[in-house]
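Hi,

Here is the structure I promised to pass on. Please have it open while you read the notes below.

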Amino acid sequence: MAMTNATLLTKFYENYKDTEIAFTKDIIKTIALDPRQIFLKCTEGQWACIINSMSFSLARIIIGTKGGAYEKLATPNPPAGLSLRISFYKQDGQQISIFLSCKVKEIVPYMNSKDLVIVTLTYTQRPPEDLIERMGRLLEANDNALKRKEDRIPINPESCRKLGIPKEECMATIQNVPRRCILRDISFGGAKIVILGVAKFLMGKEVQLSLEFDDPHEIIQLKGKISSVADVQGRKDMVVAGIVYDEATLSLSYKIHINNYLTSARKADLNQQSDAPANTADGAI
């Protein structure tokens, strides 16, 4: 049976309820957050703030000690009807805003600053589905990037379609020289490419692989090192180069593309198994 969206959201919520994400530039870009449209709201007004980190149970925001938000929150009785408004971009460029009903749990100085504080807000109800889906896909991709690092995806027309890769040809920059190559397979941890060159001159070289993806359209730069080289049968001027990515620079967007493919392939396998007729003993009706 195929997993419904509601089942998927429940899985995300239960698996990652207490996993907190620090909002780096990469994460902000990946989940399409608009950092200029984050506001703390209550019945008495609203104030712009900075999102520092978030989970499915709490959010930490940064505000100034001289602003109206701090004046309202740093009291024995914070205002009622408190909510955090966050805006995201949809694929068509339009914005969607979500509201997180919350209450103040703690206020502490931000990095020993006298002018800034971090306010911890705990939610009073389950977050909206859009937030669970955006953050859940990111968290699952990070999780599987460790668990399924070596699961390789052979590149062919069918896998390219499912991955959103428009073509098997791509670019690899080696020693500042861009070279055309053909993608053979990819994984969370690396890739194999077919490229013109001599094995002994390519082995161990730093490389930057440029992969184009659709939905959304983007070109992702993947830094790594050539860790293996094999000859192409019948071609002395061409090799298959194995690339190991630099994990510290691996983008979240790339992880999500790989994770979406691997999880959809696993679901398809499970569906086929559940639809297959059960084996019966000889002569059974």
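Is Asp237 buried, exposed or partly exposed? In this predicted model, Asp237 has a relative accessible area of 37%, so the residue counts as partly exposed. Asp237 also joins Arg235 in a salt bridge, at 2.9 Å from N to O. Arg235 is partly exposed, with a relative accessible area of 37%.

The salt bridges are worth a look in general, as the count comes to 14. Here are some of them:

- Asp34 and Arg36 meet through their side chains, with 3.1 Å between N and O. Asp34 is buried because its relative accessibility is 2%, under the 20% cut-off, whereas Arg36 is exposed at 61%.
- Asp130 pairs with Arg134, and their closest N and O atoms are 2.7 Å apart. Both residues sit in helix H4 (residues 129-147), four residues apart, which is about one turn of the helix. Asp130 is partly exposed, at 24% relative accessibility.
- Glu158, Arg161 and Lys162 are linked in a salt-bridge network.

Now for the sheet. Eight strands make up an open, antiparallel sheet, in the order S1-S4-S5-S8-S7-S6-S2-S3. Strands S1 (21-22) and S3 (45-48) are at the edges; each has a single partner strand, so one side of each has no neighbour in the sheet. Strand S2 (residues 33-42) runs antiparallel to strand S6 (residues 83-89), and five bridges join the two. Leu33, for instance, has Phe88 in S6 as its bridge partner.

Happy to go through any of this with you.

Best wishes

Note on methods:
Residues are numbered from 1 along each chain as its sequence is written. This is a predicted model: local features need pLDDT of at least 70, side-chain atom pairs count only at pLDDT 80 or more; totals for chains, interfaces and linings use all residues. Side-chain values use heavy atoms; hydrogens and water are left out. Two strands pair if DSSP finds at least two bridges between them. A salt bridge is a side-chain nitrogen of Lys or Arg within 4 Å of a carboxyl oxygen of Asp or Glu. Buried means under 20% relative accessible area, exposed over 50%, partly exposed in between (1.4 Å probe, protein chains only).
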